[in-house]
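Please prepare a short briefing on the structure shown below.

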Amino acid sequence: MFARLTSGAVVGIDARLIEVQCDIAGGLPTFQIVGLPEKEVSESRERIRSAIKNSGFSFPAGRITANLAPADVRKAGVGYDLPIALAILIASEQLPGVSEQRPIVGELALNGDVRGISGVLPLALEALDRGLSGVIVPVENAAEAALIDGVKAYPIKTLSDAAAFLGGDIEIEAQPCDVAHLLAGTAEAIRHDLADIRGQAQAKRALEIAAAGGHNLLLTGPPGAGKSLLARSLPELLPPLSFEEALEVTRVYSIAGLLERGGSLVVRRPFRAPHHTISYAGMVGGGHGIPGPGEISLSHHGVLFLDELPEYDRRVLETLRQPLEDRTILLSRAGISVRYPASFTLVAAMNPCPCGFLGDTIKPCTCSMHDVRRYRKRLSGPFLDRIDLFVEVPRLPVEDLFGRRRSANSDTVRDAVEAARRVQWERMREDDGRFSNAELDSEGVRAHCALGEEGATLLKRAVARFGLSARGHVRVLRVARTIADLDRAEHIEAAHVAEALRYRGDRSAPGG
Amino acid sequence: MSLSGAEAEERACLLLKELGYMIVARNWRSRYGEIDIIARDGSTIVFVEVKARSSRGFGGPDAAVDIGKQRRIASTAGQFLQQTRCELQARFDVVTFSGERPSVYRDAFRIR
């Protein structure tokens, strides 16, 4: 007997529908899975056999062949357990031969329970694209699949449930989903409030600018000055994720298998802080088989924080250049290439020198000039070119440490940031795919960052005096545009240029 | 006291008949080896290996019929199916006697 069901495979960020065929022929009892299965798929034979036996069915004798089509797509993951088991039940006439178009996924435990898998959200999206009415998924993943409007997600607990559902013996109610309720979670209380960080007024201002314009930021200062705290507060200064953005983030987390158990939408902006020993594959994505998403994709629509920047492997930092520019990463491997989104704000932190106290007011620096130069040379010019804001975070003066003065809290700043972002969206509506000032290239700068006479004179003088390069010049203009947007000014004025010049970065770090 | 091989096979046949099997052949030989009993259980053809053991101390049928023995049985079974042009689904059972107590292991092993 022959049976046919539908399942799905995740290839990069997208899912593909996979046809699961099963045939049982006469002859010696064998069980084979063909159609380019990876190791974990071949291993599923033992799980499937036990699950079928322990669910009150019998595992048929004879030659069992399961085929996963199309045969040229690599089949990884454990989601094929359930559809293969069901196809065997149909082929051995323990289930009526149904014509089931809806994709079925799930891992089987030996006792017949259905366990959650990764990548269910992309599958639901693919089902929507193909005009299918629903997906049959593990109960753990149902909330995630239900996010897609127009596709019903049927939660499955056990193999016998699935069999009864396909056979029409029981009804299973589709998972409900209240998107508005989920998104309301974004308005939650702020956890890392700017007001809780003492002093550092300039750094806080720089964070506000970074949030408003999407600019990348480098914080330089001695240990303990508050660099990490400042970085951590950035995601909450950004406007809440829109539903579309949240869906994009959730999709990456779904593929990476990082969604919480039974979780659905990721509503908080990601904050990723990988350790400086991170490998190339961990940063940009990779791994065996189909390359998975790396930290830059897990930071999509959020913040990637690199503490102790010069300690990172040079090769790892250089690979960030292209995604910082393109906001996406293409991973090409033998026989497969996948694209992941990687639109993130980079916040980096470093000490001014190896001992950390160069330029400190109290502790003397013990490094030689040579040490300092070598330390800073670990960062390449082209990499630093991608950073718009360079900020010094000095040791706190005693009066700030014990003072009672509190700065603006994150709520207030976020309102200003949102207003500035709206101005940018309006202005760049005609520019394809650009949403923030940080994305302006030299052409965009020419179009949107016109200076008045006073501002132009100031900038000209700065170029001459500080030896600003053409790139440094564009960078100052971008930042000035954001400062003007925060100021609700239509034109960039001299004061905005003056402030932008403070973050140009030829003092605090190399580059500029 | 354990049964002799022939006695065990004789008893196994009786037992299988009671269970509704139809005996097709006994001690069927090929150049790979021998199958103790070939029977039909409904629409399935069953190849049965009979093992007499004095105690359970040495493990169950999987231990008694090791992987080499399984391969020999499977090869012989393949020959049988070919020669008889049989297209039924096939299964391997093992009947063990521990002392005089029989146990029937349906679907005892599969070809990997």
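The accessible surface of chain B comes to about 6,200 Å², and carbon and sulfur atoms hold 47% of that area; accessible areas come from the Shrake-Rupley method with a 1.4 Å probe, and for residues only the protein chains shown count as cover. This is a predicted model, in which local features need pLDDT of at least 70 and side-chain atom pairs count only at pLDDT 80 or more, while totals for chains, interfaces and linings use all residues. Residues are numbered from 1 along each chain as its sequence is written, chains are lettered from A and ligands numbered from 1 in the order in which they are written, and side-chain values use heavy atoms, with hydrogens and water left out.

**Chain B**

- Three helices and five strands make up the secondary structure of chain B, where helices (H or I, at least four residues) and strands (E, at least two) are DSSP runs numbered from the N terminus.
- Along the sequence, these elements of chain B follow the order α-β-β-β-α-α-β-β.
- Chain B has 112 residues, of which 43% count as buried; buried means under 20% relative accessible area, exposed over 50%, and partly exposed in between (1.4 Å probe, protein chains only).
- Among contacts in chain B with a separation of 6 or more, 56% join residues 24 or more positions apart, a contact being heavy atoms within 4.5 Å.

**Interface of chain A and chain B**

- The two chains bury about 1,100 Å² between them, with 57% of it on carbon and sulfur atoms; buried area is the accessible area (1.4 Å probe) that two parts lose on being put together, summed over both.
- On the chain A side, Leu28(A), Pro29(A) and Ala61(A) lose the most area to chain B, and together they account for 51% of what that side buries.
- The contact involves 13 residues from chain A and 15 residues from chain B.
- Between chain A and chain B there are zero salt bridges, a salt bridge being a side-chain nitrogen of Lys or Arg within 4 Å of a carboxyl oxygen of Asp or Glu.

**Thr44(B)**

- Thr44(B) belongs to strand 3 (residues 44-53) of chain B.
- Because its relative accessible area is 13%, Thr44(B) is classed as buried.
- Leaving aside residues up to four places away in sequence, Thr44(B) touches Ala61(A), Ala39(B), Gln89(B), Ala90(B) and Arg91(B).

**Val398(A)**

- Val398(A) is part of helix 17 (residues 398-402) of chain A.
- Val398(A) is exposed because its relative accessible area is 54%.
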